[in-house]
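Here is a short briefing to read alongside the coordinates. Keep the viewer open and follow the topics in turn.

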Amino acid sequence: MFSYSDAQDCIDRHIDLWRKYSFDLFFYSSEDSFPINTYGHKLYKIGKSGHNGEDSIKKHILFLNHMLKLGYDWYLINDYDSINLMNPVDIVDNPAIFGNVFNQSLVDQSRWESPIFIHPPIVIHKTIMSKILELNLSPDKEHGFFDRWLGLCCVKLGINPENFLLQKIGYAMNTIEKEDLRPQIREKKFIHGIKSKEVLEYILGEK
């Protein structure tokens, strides 16, 4: 789980949801911005903080390298504001990468090299993670936004990510606001952008 110091409120609300479908739960943050309480789960502090930019991409590359060395076949990557409401084991088969994949091939691409970008939750096989790291894509690509940098990696490797959005089990925004809430969101299983208690309660049917 990727996090930083100001994410503690989200961690407090989401921890039981992450625990439900995680065999081993680990937290990753930068060395200079990290949560105080990870509820007994191991926290790895690696790299420098930053929402985007070269330092952000370098940090995420360090995260992926460290994760790969843990020796698992599959990895579920949540951000502090994303949750999964089903077991990812139920959807994986052949080595692949799954996520909330946005395709911008039909809109203005003047700023971006890749037509796709990927929001969490991300489910990724070790072989795909290895290929992404071996590609050694420059951290200055895609203006240092990890979701777009990851999409560009997939494009350059000829990897077609499995898309939770097209499968009707995903929903993702940078921030889900109250006005974005519709009953249909309660049917989704891989959701990104939950930064408030009110939004989480609505998704879980508690409000």
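Is Asn87 buried or exposed? This is a predicted model, and in it Asn87 is buried, because its relative accessible area is 19% and the cut-off for buried is under 20%.

**Asn87 and its surroundings**
- Asn87 sits in the loop that links strand 4 (82-84) and strand 5.
- Its side chain comes to 3.0 Å from the backbone nitrogen of Val89.
- Leaving aside residues up to four places away in sequence, Asn87 touches Tyr21 and Phe23.

**Ser30, another loop residue**
- You will find Ser30 in the loop between strand 1 (27-29) and strand 2 (43-45).
- Ser30 is buried, with a relative accessible area of 2%.
- The side chain of Ser30 makes a polar contact of 3.0 Å with the side chain of Asp32, and the Ser30 side chain also reaches the backbone nitrogen of Ser33 at 3.3 Å.
- Beyond four places in sequence, Ser30 touches Lys45, Ile46, Gly47, Lys48, Ser49, Lys59 and Phe63.

- In soluble globular proteins, nonpolar side chains tend to be buried together.
- Here the largest nonpolar core holds 28 residues, and Met67, Ile97 and Ile124 have the most contacts inside it.
- Two or more residues of this core come from each of helix 2 (54-69), strand 3 (74-77), strand 5 (97-103), strand 6 (116-125), helix 3 (126-135) and helix 4 (146-157).
- Helix 4 gives the largest share of this core, with 6 residues.
- A second, separate core has 21 residues, and among them are Met1, Ala7, Ile185 and Val199.
- Which residues does Ile124 touch, not counting those up to four places away in sequence? They are Asp73, Trp74, Tyr75, Ile77, Ala96, Ile97, Met129 and Ile132.

**Strand 5 and its partners**
- Strand 5 is largely enclosed by the rest of the structure, because 5 of its 7 residues are buried.
- Strand 5 and strand 6 run antiparallel and are joined by 6 bridges.
- Within this pairing, Ile97 has Ile124 of strand 6 as its bridge partner; both of these residues are also among those with the most contacts inside the largest core.
- Strand 5 also runs parallel to strand 7 (residues 162-163), with 2 bridges between them.
- Phe98 stands opposite Glu162 of strand 7.

- An open sheet of 3 strands has the order 4-9-8, with mixed pairing.
- Strand 4 and strand 8 (170-172) are the edge strands, each pairing on one side only.
- From one strand to the next, the twist averages 5°.
- Strand 8 and strand 9 (residues 190-192) run parallel and share 3 bridges.
- Tyr171 is placed opposite Ile191 of strand 9.

**Cysteines**
- How many disulfides does a search of the whole structure find? The search finds 0.
- For Cys154, the closest cysteine sulfur is that of Cys153, and the two sulfurs are too far apart for a bond because they lie 6.9 Å from each other, whereas a disulfide needs sulfur atoms within 2.5 Å.
- Cys154 counts as buried, at 0% relative accessibility.
- Cys10 counts as buried too, at 6% relative accessibility.

Key
Residues are numbered from 1 along each chain as its sequence is written. This is a predicted model: local features need pLDDT of at least 70, side-chain atom pairs count only at pLDDT 80 or more; totals for chains, interfaces and linings use all residues. Side-chain values use heavy atoms; hydrogens and water are left out. A nonpolar core is a set of buried Ala, Val, Leu, Ile, Met, Phe, Trp, Tyr and Cys residues joined through side-chain atoms within 4.5 Å. Buried means under 20% relative accessible area, exposed over 50%, partly exposed in between (1.4 Å probe, protein chains only). Helices (H or I, at least four residues) and strands (E, at least two) are DSSP runs, numbered from the N terminus. Contact means heavy atoms within 4.5 Å. A polar contact is a pair of N or O atoms within 3.5 Å; within protein, one must be able to donate a hydrogen and the other to accept it, and residues adjacent in sequence count only if both atoms are side-chain atoms. Two strands pair if DSSP finds at least two bridges between them. Axes are lines fitted to C-alpha atoms, for helices over the stretch in contact, and angles run from 0 to 180 degrees between N-to-C directions.
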